[in-house]
Amino acid sequence: MKHKERYAGTERLGQEPVGRLIRELALPAIVAQVINLLYNIVDRIFISRIPDVGSLALSGIGVALPVILIVSAFSAFSAFGGAPLASISLGAGDVDRAERLLKANAGMALLFGMLITVLANVFLNPLLRFFGARETNLPYAAEYLGIYLLGTVFVLGTLALNSFINAQGSSRIAMRTVVIGAVANIALDPIFIFTLNMGIRGAAVATVISQGLSFIAVLLFLLSKKSRLRLRGVSLEKRLVGESMKLGVSGFTMTATESAVMTVFNRLLSLHGGEMHVATMVILQSVLQMLFIPMSGYVGGVQPLLSYNYGAGNRARVRMILNRSLCILCGFSFLTALSAVLFPGIYARIFTDDPALAVLVRRYLPVFIAGMTIFGFQETAQMYFVGTNQALHSIFLASLRKIILLIPLCFILSAHFSVFGVYISEALADALSASTAGWLFFRQYRVLYARKERRR
């Protein structure tokens, strides 16, 4: 009886009105993602204002970011793989399998965290040079990243295991674990950077402490009786690890290839424009994240609802979720991207006081961000394919935007248009990828609708 009562809360995902559930699940997940983005952006805002070396230190962060993205990419095997599979299992009533998935993904996060910490520190300077560091900004990148990597287990543990809190429909709890770290980081940044005069090292120390606090909060919940999925140790069960990695490859590809993209950006911008353009790209990427992260939060919150009803065989509710999500995601991407196109100066003032850097941001942000106006199609398609365990479609879309389109476009267009070609390549890749994702989604959606008609 106790076993059934502990999981009774997940049943509401298949019973309560879809609109109410979307609000309850999406809003906390969006808030969590926005706050998580906020404390990353706060790092950059404070770093850019370090006396005398702010812009150079910011370019150091620019070449460190690809490594940071690779680190976080390993959590995607859980967030895009294990957690959706756990939601599908809960929808099908297989609680034991859902908990075994949690154990297997906890084991993966621990293993990846330890390996990355050791290997990345051993090859720190060669890695940074590979990702575009020069002698001028290498010291700043190495200072920040050397400390940041000490918290790798915290980063992967928080990102991977927090997705299982979302998977059981507890998005408010998942939000709180992120808020704890974010608030701590925002409070500690000025203390370590300016009061203790630690500069860029202070930003890294504040980040590691904050990630540790979030990790502890996630663990405490998953070990408690309040969690519908209980963490009962760690494992590396081969079959479940394999299934999680197969479905999670799309998420890993999206994040890891972002690192490759940033490396290409850094190298080409250094070649054609110098460190100021590398610093400009850090700001443009931050604005891109400001627009993208709320959509990612929505998907993270609503995908468990989609997966649960797919696992329960309730296709009518799956269609309702998709219809509403398409309207929300497309409307949001269009309006927010349009604001950046029309008012780039507002975003420039958020990130820098350097007049020369602000001029570059105002000049290139409208070009860089334009393709995001239709990116809601891409997010809806990815949510559907990952949420319904269609690994091949999700992997294709994850590869299309950056590997197939963006990186080749960067080289081709920069050869003809210098730095402008680098910036415009992002917009073209976003637009082409979103259009393809929309076409593929509607094709599959018609199949889902046809099943309903045949059953009638």
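1. Which residues does His277 touch, not counting residues up to four places away in sequence? In this predicted model, His277 touches Leu269, Leu360, Tyr364, Val419 and Tyr423, with residues up to four places away in sequence left out of the count. His277 is found in helix α12. At 9% relative accessibility, His277 counts as buried, because buried means under 20%.

2. The next point concerns confidence. The protein chain has a mean pLDDT of 89, and 96% of its residues reach 70 or more.

3. Two packed helices are described by the angle between their axes and the distance between the axes. For helix α12 (residues 275–311) and helix α15 (residues 355–369), the axes come within 9 Å and cross at roughly 50 degrees. The two helices are therefore oblique to each other. The crossing in which α12 passes α15 is right-handed.

4. Which residues of α12 and α15 make the contact? From α12 the contact is made by Met276, His277, Ala279, Thr280, Met281, Ile283, Leu284, Gln285, Val287, Leu288 and Leu291. From α15 it is made by Ala356, Leu357, Leu360, Val361, Tyr364, Leu365, Phe368 and Ile369. By class, the contact of α12 with α15 has 16 nonpolar residues, 3 polar residues and no charged residues. His277 is one of the α12 residues in this contact, and the residues it touches include Leu360 and Tyr364.

5. Ser307 is found in helix α12 as well. Is Ser307 buried or exposed? With a relative accessible area of 0%, Ser307 is buried, since the limit for that class is under 20%. Leaving aside residues up to four places away in sequence, Ser307 touches Pro84, Ser87, Ile88 and Gly387.

6. Two residues deserve attention for their backbone angles. Most residues other than glycine have a negative phi, and most peptide bonds are trans. Asn389 is a residue other than glycine with a positive phi, near 60 degrees. Asn389 is found in the loop between α16 (376–387) and α17 (391–417). At 41% relative accessibility, Asn389 counts as partly exposed.

7. Ser418 has a positive phi of about 60 degrees, although it is not a glycine. Where is Ser418 placed? Its place is in the loop between α17 and α18 (419–455). With a relative accessible area of 29%, Ser418 is partly exposed.

8. Ile193 has its place in helix α9 (residues 171–195). At 3% relative accessibility, Ile193 counts as buried. Leaving aside neighbours within four places in sequence, Ile193 is in contact with Phe46, Ile50, Met198, Gly199, Gly202 and Ala203. The C-alpha atoms of Ile193 and Val205 are separated by 9.3 Å, and the two residues are 12 residues apart along the chain.

9. Arg100 and Arg232 are 132 residues apart in sequence, and their C-alpha atoms are 8.7 Å apart in space. With a relative accessible area of 22%, Arg100 is partly exposed. Not counting residues up to four places away in sequence, Arg100 touches Glu237, Arg239 and Leu240.

10. The last point concerns Ser435, in helix α18. What is the separation between the C-alpha atoms of Ser435 and Met281? These atoms are separated by 25 Å, and the residues lie 154 residues apart along the chain. Met281 is among the α12 residues in the contact with α15. At 44% relative accessibility, Ser435 counts as partly exposed.

Technical notes:
Residues are numbered from 1 along each chain as its sequence is written. This is a predicted model: local features need pLDDT of at least 70, side-chain atom pairs count only at pLDDT 80 or more; totals for chains, interfaces and linings use all residues. Side-chain values use heavy atoms; hydrogens and water are left out. Axes are lines fitted to C-alpha atoms, for helices over the stretch in contact, and angles run from 0 to 180 degrees between N-to-C directions. Helices (H or I, at least four residues) and strands (E, at least two) are DSSP runs, numbered from the N terminus. Angles under 35 degrees count as roughly parallel, over 145 as roughly antiparallel, 65 to 115 as roughly perpendicular and the rest as oblique. A crossing is left-handed if the near helix is turned anticlockwise from the far one by less than a right angle, and right-handed if clockwise. Contact means heavy atoms within 4.5 Å. Ala, Val, Leu, Ile, Met, Phe, Trp, Tyr, Cys and Pro count as nonpolar, Asp, Glu, Lys and Arg as charged, and the others, Gly among them, as polar. pLDDT is the predictor's confidence in each residue, from 0 to 100. Buried means under 20% relative accessible area, exposed over 50%, partly exposed in between (1.4 Å probe, protein chains only).
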